[in-house]
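Work through the exercises below with the sequence and the structure at hand. Each task is followed by its solution.

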Amino acid sequence: SELRDPALLLPAIAAAFDARDDGSGDANDRIRALLADKRVLLLLDNFEHLGDEGARRLAGLLQVVPGLRVLVTSR
């Protein structure tokens, strides 16, 4: 889906992986726990809407999930 708020990026990624919020941690923690031992390619289309803040949040996720690779597109 199209996001315009960078704060919604990690929750949207967590939802896409069905890592539901159980109240025990943030989306970054849920994604890390789910993907810790997996190799995954994540495709994010039209990322330009999220700007620098979206890029920072994505970079933080890449630091904690070693098997994650991201393909980002923009217009």
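The exercises cover confidence, fold, overall shape and one surface patch of a predicted model.

**Exercise 1.** Find where in the protein chain confidence is lowest and where it is highest.

Solution. Then go to the elements. Helix α2 (residues 27-35) has the lowest confidence, with a mean of 89. Strand β2 (residues 68-72) has the highest, at 96.

**Exercise 2.** Give the order of the elements from the N terminus on, and decide whether the protein chain is as compact as a globular protein of its length.

Solution. Count first: there are three helices and two strands. Read from the N terminus, their order is α-α-β-α-β. Next, take the radius of gyration, which is 12 Å; the globule rule gives 11 Å for 75 residues, and the two values are close, so the chain is as compact as a globular protein of that length. The C-alpha atoms fill a box of roughly 35 × 25 × 20 Å along the principal axes. Finally, look at the contacts with a separation of 6 or more: 69% of them join residues 24 or more positions apart.

**Exercise 3.** Name the residues of the nonpolar surface patch, and classify L41 as buried or exposed.

Solution. The patch is made by L41, L43 and L71 and has an area of about 330 Å². L41 belongs to strand β1 (residues 40-44). Its relative accessible area is 62%. The cut-off for exposed is over 50%, so L41 is exposed. For the chain as a whole, buried residues make up 31% of the 75.

Conventions. Residues numbered from 1 in each chain as written. Predicted model: local features only at pLDDT ≥ 70, side-chain atom pairs only at ≥ 80, totals over all residues. Heavy atoms only, no water. Patch = residues over 30% accessible without salt bridge, like charges linked within 9 Å, V, L, I, M, F, W, Y side chains within 5 Å. Areas by Shrake-Rupley, 256 points an atom, 1.4 Å probe, with all protein chains shown as cover. Salt bridge = Lys/Arg side-chain N within 4 Å of Asp/Glu carboxyl O. Helix = DSSP H or I, 4+ residues; strand = E, 2+ residues; numbered from the N terminus. Buried < 20%, exposed > 50% of the residue type's maximum accessible area, 1.4 Å probe, protein only. pLDDT = per-residue confidence, 0-100. Rg over C-alpha atoms; globule rule 2.2 N^0.38 Å. Contact = heavy atoms within 4.5 Å.
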